[in-house]
Amino acid sequence: MKIPKRIANTLINSLKGGVVPRIGLPYIAVGRDSEISALLHDVEMIAEGGASFRFLVGKYGSGKSFLLQTIRNYAMDRNFVVCDADLSPERRLHGSNGQGLATYKELIQNLSTKTKSEGGALTLILDKWISGIQTDVIAEHGITPDDANFRTLVEQRIYAVVGTVSEMVHGFDFAKLLVLYYQSYLTGDDAVKAKVVKWFRGEYTGKKEAKSELGVNIVISDDDWYEYLKLFAVFFHQAGYQGMLVLVDELVNIYKIPNSITRQYNYEKILTMYNDTLQGKAQYLGIIMSGTPQCMEDTRRGIYSYEALRSRLAAGKFSRDGLKDMLAPVIPLQPLTAEQMLVLVEKLAEIHASLYDYTQILEQDDMVSFIRIEFGRIGADTNLTPREVIRDFIELLNITYQNPQINVKELLQSDAFSYAKSELQSDDAIDENFAEFEI
């Protein structure tokens with residue numbers, strides 16, 4: 001496996017710390033084929049002018065964030081604009097003290113494209129849009145920027161894009177600011193360009209300030225920030241991108257809101273977004289949210305406590321373990337199998353050896369023993385998550401690398417590691433799970 005050390009270092013350090021890396025995911029991706037296939041089908045539909053809304057549901061450490069980041073990378077490779085945000089006590093979908101607007105600001109700050117994958121791509125997108133139109137005019141009409149008709153032809157294209165969004169909710173002021181940005185681009189007025197970008201980012205706190213500096217009588221607020229995501233989605237498509245994908249993680253922070261009325265307002269916002277995407281009121285927009293089974297299914301505090309959502313999202317009569325509908329709005333993440341985890345740890349061992357320039361110490365039978373012990377622990381069938389297995393394995397790699405004299409087999413069989421082996425699951429039963437492995 002040829003992998004740059006910068007990426008290898010990010011992968012190992014991120015995974016050891018229990019967080020999902022933003023780069024290098026294809027090197028360690030295993031399983032989740034059906035989930036990725038379903039979400040990529042949504043991506044194709046969005047590029048055709050449609051919209052989608054999905055929930056990813058799984059326990060802490062089950063791979064929700066990993067799958068979100070994987071889809072994020074796939075979408076950017078397909079020329080999508082992607083933005084993501086983690087909800088928190090300060091960032092919600094609705095709030096009376098700026099919590100909804102804070103989520104919008106985070107999403108816009110994290111706008112990413114294939115050429116600017118680390119976020120902060122808004123200015124790049126706007127500039128690329130204008131320069132792209134200028135290039136198209138030159139190519140189609142065979143003229144130069146000095147030609148008398150050049151500016152007129154460019155402005156016709158600009159206003160055609162602006163006209164597409166001006167008829168949408170809040171689209172008039174949005175379009176007016178796009179024109180102002182274009183005019184500032186032509187004159188080289190970076191100060192005005194910065195003010196327009198500041199407005200798009202939701203950083204104007206009062207209408208008076210926006211009116212005096214930009215001539216618009218509106219600012220983005222807690223109540224209407226989602227409308228601007230719909231505007232951006234259409235604009236990005238007009239600017240040459242396939243569409244926009246919005247990723248929202250940590251829905252559990254809405255579940256944790258103590259005030260029931262505030263929770264209901266947040267669930268109402270989810271319902272609005274869900275209905276818009278499925279009823280065709282949004283275009284070129286995909287939304288994926290992720291949370292735990294509890295924050296989803298708890299009928300007292302979770303999303304299912306809001307009857308309008310529960311009736312839309314609850315599984316039907318034919319779904320059961322091992323027979324899931326991947327085209328439904330809610331995608332439950334199934335645990336990775338022992339075989340898939342073995343493939344993953346083999347990849348990690350190779351990356352670790354490449355990063356620190358040593359000959360791989362662990363043999364395949366050592367890795368099989370490691371997985372056998374992990375999956376043989378008490379409650380592993382319901383409680384074991386990829387995050388726990390990965391952290392244990394990277395720790396094992398670190399120890400064996402720094403202590404090459406250690407006996408790996410003795411370490412794996414030590415009480416410190418195998419103490420929680422289930423008495424209910426015999427060695428013979430565990431062996432059956434690995435019957436297909438060939439060492």
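The following legends describe close-up views of a predicted model.

Residues are numbered from 1 along each chain as its sequence is written, and side-chain values use heavy atoms, without hydrogens or water. Because the model is predicted, local features need pLDDT of at least 70 and side-chain atom pairs count only at pLDDT 80 or more, whereas totals for chains, interfaces and linings use all residues.

**Figure 1. Overview of the protein chain.** The secondary structure comes to 21 helices and five strands; helices (H or I, at least four residues) and strands (E, at least two) are DSSP runs, numbered from the N terminus. The C-alpha atoms fill a box of roughly 80 × 50 × 35 Å along the principal axes. Of the 439 residues, 51% count as buried, that is, under 20% relative accessible area with a 1.4 Å probe, protein chains only. Among contacts (heavy atoms within 4.5 Å) with a separation of 6 or more, 71% come from residues 24 or more positions apart.

Figure 2. The strands follow the order 2-3-4-1-5, with parallel pairing; two strands pair if DSSP finds at least two bridges between them. Strand 2 and strand 5 (330-332) stand at the edges with a single partner strand each, so one side of each has no neighbour in the sheet. On average, neighbouring strands are turned by 15° against each other, direction ignored. Angles between directions otherwise run from 0 to 180 degrees, taken N-to-C, and axes are lines fitted to C-alpha atoms, for helices over the stretch in contact.

**Figure 3. Strand 3 and its two partners.** Six of the six residues of strand 3 (residues 244-249) are buried, so this strand is largely enclosed by the rest of the structure. M244, V246 and V248 point one way, while L245, L247 and D249 point the other way. Strand 2 (residues 81-86) pairs with strand 3 in the parallel sense over six bridges, and V82 has L245 as its bridge partner. Five bridges join strand 3 to strand 4 (residues 285-291), also in parallel; here M244 is partnered by L285.

**Figure 4. Strand 1 and helices on the sheet.** Strand 1 (residues 51-57) pairs with strand 4 in the parallel sense over seven bridges, and F55 stands opposite M289 in strand 4. Helix 2 (residues 33-47) packs on the sheet, touching strand 1, strand 3, strand 4 and strand 5, and its direction makes about 160° with that of strand 1. Helix 4 (residues 99-109) lies across strand 2 and strand 3, at about 135° to strand 2.

**Figure 5. The largest nonpolar core.** A nonpolar core is a set of buried Ala, Val, Leu, Ile, Met, Phe, Trp, Tyr and Cys residues joined through side-chain atoms within 4.5 Å. Of the 85 residues in the largest one, F55, W199 and I270 touch the most other members. Helix 10 (residues 225-238) gives the most to this core, with 10 residues. Leaving aside residues up to four places away in sequence, F55 touches residues including L251, I270, M289 and I331. A second, separate core of 38 residues includes I7, A8, L342 and L396.

**Figure 6. Helix 15 against helix 18.** Helix 15 (residues 338-356) and helix 18 (residues 386-402) pack at an angle of about 35°, with their axes 10 Å apart. Residues including M341, L344 and L348 in helix 15 meet residues including V389, F393 and L397 in helix 18.

How values were computed
Buried < 20%, exposed > 50% of the residue type's maximum accessible area, 1.4 Å probe, protein only.
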